[in-house]
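Subject: Structure handover

Hello,

Here is the structure you are taking over. Please open it next to this message and follow along; my notes come after it.

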Amino acid sequence: MTTALIAEDEPLLAQALCNELGRAWPQLRLLEPAVDGDEAVEGALAQRPDIVFLDIRMPGRSGLEAAEAIVEEWPGDAGALPLIVFVTAYDQYALQAFERAAVDYLQKPVQPARLAACCKRLKDQVALRDAARADASIPDEATLLGRLRSLLGATTAPGESPLSILQAGVGATLHMIPIDEVIYLEAADKYVRVVTAAREAWLRTSLRELLPRLPADRFWQIHRGTVVRADAIATATRDDSGKVHLTLRERPERLVASRLHAHLFRAM
Amino acid sequence: MTVHAVTIPTSPALPVGAPRLLALTAQVAVVNVLIAGVIAMLGGAHLVNTLVYSQCIGLSIWGSIETGRRIAGGGARDWPAGWRLASLIAIGCVAGYAVGLTIADTIFGHSSWRDYLHAPRRLLGEFGPTVAFCVLVSGGFYLRAQARADRLRMAEATHAATLARLDLLQSQLEPHMLFNTLANLRALIDADPRRAQEMLDHLIAFLRATLAASRQAAHPLADEFARSADYLALMQVRMGQRLRADMTLPAELAAIMVPPLLLQPLVENAIKHGLEPQRGLGALQISAQLDGDTLVLRVADSGRGLAAAAASGAPTQSGFGFGLVHVRERLQALYGDAARLTLAPRAEGGTLAEIRLPIAPTAISAPIEP
């Protein structure tokens, strides 16, 4: 039986979408709705639905951030990734991004005809996936990952001036770290941890804000919380779940590239 | 609701610089020819001589005044006013007459100065009419520049007022808010028609007030609270249990006249950037009180706080603080430094927005129709 999770912070709208889906697709089993982005991630990972309806603007994590987290943390043995449908009241720019990424989306108030078309598409995709599973062939995740990647890339704001030096405060002293010395950057709550060969430092900024200001050809995002300088990577090894494990030239620790970003590591 | 683009007609741009200067010179030359014609006819003087003298003196006076005007006035099209204008014309006439006469004399190998020395009355007879013409022509140019500047100022003022009104409307009728409200309304029609009707009534009141506010100079504080209450009622339906709002307006303050849309943007801001993005419950307290002859309006929320709002990149999205910038600008325009809007973190978490404005009779005006 096909299952779906709805994430919507406005209770009336969550109920309305449940009702409409009940009419348009009576066989669909609906899980208890999630009331914000964090609950959506928890719910999706715990209950592994086939379909997730994500509102874009939600308290805590946005719909896009929730989608990213679900895809990255989706267990390797949990079967195919869920099909994601974004729901939005009015997001001019996001809509353009959805169109480009060919991701399905609904606009609030949801029109019954539009919802019926969306359900038909979802049924087709679920059927296609079941057939692929019967064949024991690998489900076509590459397309889904590619779409989500382009969507996440399209919605990051264009960066301010590019950075050549990171300024990290340590007590009363400011450490000037040239970006050429940075080996990797790691998001930690509202901070970013900067790791060089010799030391580490903390920046009071979010990785999301910092990323557009780094040269994209040299700094690769390999996980939603990790950015690594490409020429600091020594080896990359893919495991069964699709994740890629990286060793570094000047640091002993290993980094993990999520499935969403694993496409960066392919032999030439 | 459709917002039409508004184009304000302004006077066509005149060529500035060399082409404009040439055009003006030609105009002055034509006037000189006319003057020479009149003098030749009346005085029976030699036409060619008169024409050359007229051109030399006319152009040189015009040149002196134009140069002086640019040095004193600054702009290429500004004229000074009052005594500055009078002295500009006086000095321009004397200097220009002297220079022009000398040039014409050089051309004809003559010395008018020696003539004047022998017959001072002649100087008066020739310089007098020149001054008269000069004042006439300068006056014409002055009035023309003045009219043009007035037109430009009017157009600019209208333009600014229209833009401000559009800004206000757009910040109030935010599409995300409207479509979410409509989606809730659509859901309620199915689930609870009576509540749907109530919600629709609040939406109607909210829209009517927003459209009226852009044309109204002031309304009673009770109305401002009522409009905020309409907005809160809409948000209450949308956010359900998550929002707990509470409004306090002392009865004796209800009739105080205030500019419209001062309080409501603060309430919207508190919900949009403080409570809505925060997980879990949120409380909102809206109050008015008197502190001497200062009216204090407060909106306190238990939201995620200023730092979090700024860190989430809110400034680039949906204009964090845009509504507040607007409130601040309007306070500045209406009250100068006597009124102010402050935002501060609260000790118990969340944000306190506070408006302080004087309620002196001069600050309170009746509604003005545009």
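How many helices and how many strands does chain A have? Chain A has seven helices and 15 strands. Before going further, note that this is a predicted model.

Chain A

Chain A consists of 268 residues, and 37% of them are buried. Take the contacts in chain A between residues at least 6 apart in sequence: 56% of these join residues at least 24 apart.

One sheet to look up in chain A is an open one of three strands, in the order 13-14-15, with antiparallel pairing. Its edges are strand 13 (233-238) and strand 15 (254-257) of chain A, each of which pairs on one side only. From one strand to the next, the twist averages 25°. Strand 13 of chain A runs antiparallel to strand 14 (residues 244-248) of chain A, and five bridges join the two. To find this pairing on screen, go to A:T235, whose bridge partner in strand 14 of chain A is A:T247.

Chain B

Chain B has eleven helices and seven strands. Of its 370 residues, 29% count as buried. Among contacts in chain B with a separation of 6 or more, 72% are between residues 24 or more positions apart.

Start with helix 1 of chain B, which covers residues 18-43 and so has 26 residues by the count given for it. The distance from its first C-alpha to its last is 37 Å, close to the 38 Å expected at 1.5 Å a residue. Which residues of helix 1 of chain B are buried? They are B:N32, B:I35, B:A36 and B:I39. An α-helix has 3.6 residues a turn, so residues three or four places apart point the same way. With that in mind, look at the numbering of B:N32, B:I35, B:A36 and B:I39, the buried residues of this helix.

Next comes an open sheet of five strands in chain B, in the order 2-4-5-7-6, with mixed pairing. Strand 2 and strand 6 (340-345) of chain B are the edge strands, and each pairs on one side only. Ignoring direction, neighbouring strands of this sheet are turned by 15° against each other on average. Strands of a sheet pair through backbone hydrogen bonds, either parallel or antiparallel.

- Strand 2 (residues 243-248) and strand 4 (residues 282-291) of chain B run parallel and are joined by six bridges. B:M247 has B:I286 in strand 4 of chain B as its bridge partner.
- Strand 4 and strand 5 (residues 294-301) of chain B run antiparallel, with eight bridges between them. The bridge partner of B:D291 in strand 5 of chain B is B:T294.
- Strand 5 and strand 7 (residues 351-358) of chain B pair in the antiparallel sense over eight bridges. Here B:A300 stands opposite B:L352 in strand 7 of chain B.

Strand 4 and strand 5 of chain B also form a hairpin with two residues between the strands, where B:G292 takes a positive phi near 65°.

Two helices lie across strands of chain B. Helix 8 of chain B lies across strand 2 and strand 4 of chain B, and runs at about 170° to strand 2 of chain B. Helix 9 (residues 263-275) of chain B lies across strand 2, strand 4, strand 5 and strand 7 of chain B, and its angle to strand 5 of chain B is about 20°.

The nonpolar cores

Which residues touch the most other members of the largest nonpolar core? In this core of 88 residues, they are A:A7, A:V52, A:F53 and A:L54. Its largest share comes from helix 8 (residues 221-239) of chain B, with nine residues. Apart from neighbours within four places in sequence, A:L54 is in contact with A:A7, A:A40, A:G63, A:A66, A:A67, A:I84, A:F86 and A:V87. There is also a second, separate core of 21 residues, which includes A:L185, A:V195, A:A232 and A:A262.

Where the chains meet

At the interface, 18 residues of chain A are in contact with 21 residues of chain B. On the side of chain A that touches chain B, the largest share comes from helix 1 (residues 11-24) of chain A, which gives five residues. By class, this side of chain A has nine nonpolar, three polar and six charged residues.

Regards

Terms used:
Residues are numbered from 1 along each chain as its sequence is written. Chains are lettered from A and ligands numbered from 1 in the order in which they are written. This is a predicted model: local features need pLDDT of at least 70, side-chain atom pairs count only at pLDDT 80 or more; totals for chains, interfaces and linings use all residues. A nonpolar core is a set of buried Ala, Val, Leu, Ile, Met, Phe, Trp, Tyr and Cys residues joined through C-beta atoms within 7 Å. A residue is buried if 20 or more other C-beta atoms lie within 10 Å of its own, exposed if 12 or fewer, and partly exposed in between; C-beta atoms are placed from the backbone. Helices (H or I, at least four residues) and strands (E, at least two) are DSSP runs, numbered from the N terminus. Two residues are in contact if their C-beta atoms, placed from the backbone, lie within 7 Å. The expected span of a helix is 1.5 Å times one less than its number of residues. Ala, Val, Leu, Ile, Met, Phe, Trp, Tyr, Cys and Pro count as nonpolar, Asp, Glu, Lys and Arg as charged, and the others, Gly among them, as polar. Two strands pair if DSSP finds at least two bridges between them. Axes are lines fitted to C-alpha atoms, for helices over the stretch in contact, and angles run from 0 to 180 degrees between N-to-C directions.
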